[in-house]
Amino acid sequence: MSAILVLTPVVIGSWPVITAAVAGAAAAMGLVVSESVKETVKESQSNVEQSVEFELSDSKVLAESMATDQEIVLTKGTIELSVKRDERGRCSVCAKGVGHSEAELKQVAEEFTQKLTQCFVYDKVVRELKNKEFQVVNEEVMEDESIRIHVRRWMD
Amino acid sequence: MAQHEVEITISKSGEVRVHIKGAKGKSCLAYSKWLTELIGKVKDQQLTSEYYEPEIKARIDLEQDLRMDE
């Protein structure tokens, strides 16, 4: 053994990079990317609709690649999640839905931000490992939903 | 030739645990620096005894010196 590091990820990327991670997280959680549903939910706002906003504290969406009003809308049943860049440049996730408690929406938003972070880190790490010519020995998803990547390379 | 291995575990919440094996001294530091810049902030770091071992090239030189002394 040489060293063991525990790192807290910082999500910094252009909108396309964030979008790729959002798509990965959405697929893993069974969410559907849907812009049109946004209108449907807006129409039903007269009912009791809860809304919870979650922010990825250590995140930055590089602004040059996106319009300010750009967002991705995801749906699962009657819950709608929207991912956007807030005014401070951070990535934020807003969960809303009719007939859901605030706690329920908070849990969905939190779960999604965690999955988004995991997908973002995975994409970034795998891409860099390939650039550094590491060979993948093993890659697996563990019971606790963590992803383990084992790589090696030979050095002179 | 030295074999360097890295075991990366990305938890459900996105926290990353990196285990660098086979790299000693400066090369281990280089991996730590690269992975920290790539992923984020260091929450915890443990250097093991192997970290303090000389890198392979230096060790071979030492072994050769010892043989010459005999």
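In the predicted model, the hairpin of β7(A) and β8(A) has five residues between its strands, and A:Gly89 takes a positive phi near 85° there. Helices (H or I, at least four residues) and strands (E, at least two) are DSSP runs numbered from the N terminus. A:Val83 has A:Val93 in β8(A) as its bridge partner. On β6 (residues 71–76) of chain A, pairing with β7(A) is likewise antiparallel, over six bridges, and A:Thr75 stands opposite A:Glu80 in β7(A). These strands, β6(A) and β7(A), form a hairpin with two residues between them, and A:Gly77 in the turn has a positive phi of about 65°. Strand β7 (residues 79–85) of chain A is largely enclosed by the rest of the structure, because six of its seven residues are buried. A residue is buried if 20 or more other C-beta atoms lie within 10 Å of its own, exposed if 12 or fewer, and partly exposed in between, with C-beta atoms placed from the backbone.

Residues are numbered from 1 along each chain as its sequence is written, and chains are lettered from A and ligands numbered from 1 in the order in which they are written. Because the model is predicted, local features need pLDDT of at least 70 and side-chain atom pairs count only at pLDDT 80 or more, while totals for chains, interfaces and linings use all residues.

Chain A contains three helices and ten strands, arranged along the sequence as β-β-α-β-α-β-β-β-β-β-α-β-β. Of its 156 residues, 33% count as buried. Helix α1 (residues 15–29) of chain A has 15 residues and reaches 21 Å from its first C-alpha to its last, close to the 21 Å expected; the expected span is 1.5 Å times one less than the number of residues. Its buried residues are A:Trp15, A:Ile18, A:Ala21, A:Val22, A:Ala25 and A:Ala26. They cover an arc of only 140° around the axis, which puts them on the same side of α1(A); the arc is that of the directions from the helix axis to the C-beta atoms. Just after α1(A), A:Gly30 takes a positive phi of about 75°.

In helix α1 of chain B, the buried residues are B:Cys28, B:Tyr31, B:Ser32, B:Leu35 and B:Ile39. They fall within an arc of 100° seen down the axis, so they line one face of α1(B). On the other side of α1(B), B:Lys26, B:Ala30, B:Lys33 and B:Glu37 are exposed.

The contact between the chains takes 41 residues from chain B and 32 residues from chain A; two residues are in contact if their C-beta atoms, placed from the backbone, lie within 7 Å. The largest share of the side of chain B that touches chain A, nine residues, comes from β1(B).

Notes: Pairing = 2+ DSSP bridges.
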